[in-house]
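Here is a short briefing to read alongside the sequence and the model.

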Amino acid sequence: MDNQPHFIWLFLLLSVITTAAGAYAHANSFTKLFVFGDSYVDTGNRNFTASSWNEPYGITYPGRPAGHFSDGHVFSEYIASWMGIKSPTPYRFRKLRPTKYGMNFAYGGTGVFDTLVAAPNMTIQIGLFEQLLEEKIYTEDDLKSSIALVSVSGNDYNAYIARGGSLLGLPAFIVSVVKQLGLDLQRIHDLGVPKVVVMGIQPLGCLPQFTKEYSYEKCNETGNLASLFHNLLLTAVVEELKLENGEPEFVMLDMYNAFMSAMKKHEDETGSSFIIHLRSGLRS
């Protein structure tokens, strides 16, 4: 593979960090990162039967498949680097690797609710975190300098469609997903993590499974409208959480516009469609 994935993620990182700059002017004051979610942030929690342990994943970094659903770094690793710490240990390796930088509970393919992947959903992931706190793996003082990163990239909606869900019922399902996500964000904060960052959803209509019908030349408008609705509701939930808990406590990263900006930048510079370069897929 070429350096295209690095361009994508470095550009996205710059875009979303700019969004959060006011709340995180001193990133190095945070020493632990706790990660929840899916393949956008999973660094090896899925077992060895998952595609993330096979080529082409991991070819750019670390040079071999290592459980990342990318040929290079995933988003949580960039965030850890920005904080000045090492990427937190995946939960499944907690007894084999250091836990001083936090822990990654994310499992590729999962969602807020159960999806088509037999792996812990968001509620269960947070429960694993709570169990570690009960075991005193992390203390109250540890949590004072921590950030939680939460990724929900659309697996709930893929599962909804695969199970025969209708377009007519999709808005109500999106409402239920975002409502539960809001409860999850509050729960993480209540467990003692002072800063909770949630990633908005990317333009789903621009993912390969939706652009295939257009020969990967353009995005599916219905998919993108679903993303915008999800993000609109999530923005309202985050604003409400800010009012209830204090403004700096919750931050939403604008992944939708970051992706759209990256695609436009690529097209402006190369004259070719960014979507075509992504048709092999960066994520499962």
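Which glycine follows H5, and is its phi positive or negative? Glycine 164 comes after H5, and its phi is positive, near 90 degrees. This is a predicted model, in which local features need pLDDT of at least 70, side-chain atom pairs count only at pLDDT 80 or more, and totals for chains, interfaces and linings use all residues. Residues are numbered from 1 along each chain as its sequence is written, and side-chain values use heavy atoms, with hydrogens and water left out.

**H5 against H6**
- Helices here are DSSP runs (H or I, at least four residues), numbered from the N terminus.
- The axes (lines fitted to C-alpha atoms over the stretch in contact, with angles from 0 to 180 degrees between N-to-C directions) of H5 (residues 155–162) and H6 (residues 170–190) come within 11 Å and cross at roughly 145 degrees.
- Contact means heavy atoms within 4.5 Å; by that rule Asp156, Tyr157 and Tyr160 of H5 meet Leu170, Phe173, Ile174, Val177 and Val178 of H6.

**Burial of H5**
- Asn155, Asp156, Tyr157, Ala159 and Tyr160 are the buried residues of H5, where buried means under 20% relative accessible area with a 1.4 Å probe, protein chains only.
- Their cover includes H6 and helix H8 (221–245).

**The largest nonpolar core**
- A nonpolar core is a set of buried Ala, Val, Leu, Ile, Met, Phe, Trp, Tyr and Cys residues joined through side-chain atoms within 4.5 Å.
- The largest has 62 residues, and Leu33, Phe34, Phe36, Phe105, Val150 and Tyr157 touch the most other members.
- H6 gives the most to this core, with eight residues.

Conventions
Helices (H or I, at least four residues) and strands (E, at least two) are DSSP runs, numbered from the N terminus. Buried means under 20% relative accessible area, exposed over 50%, partly exposed in between (1.4 Å probe, protein chains only).
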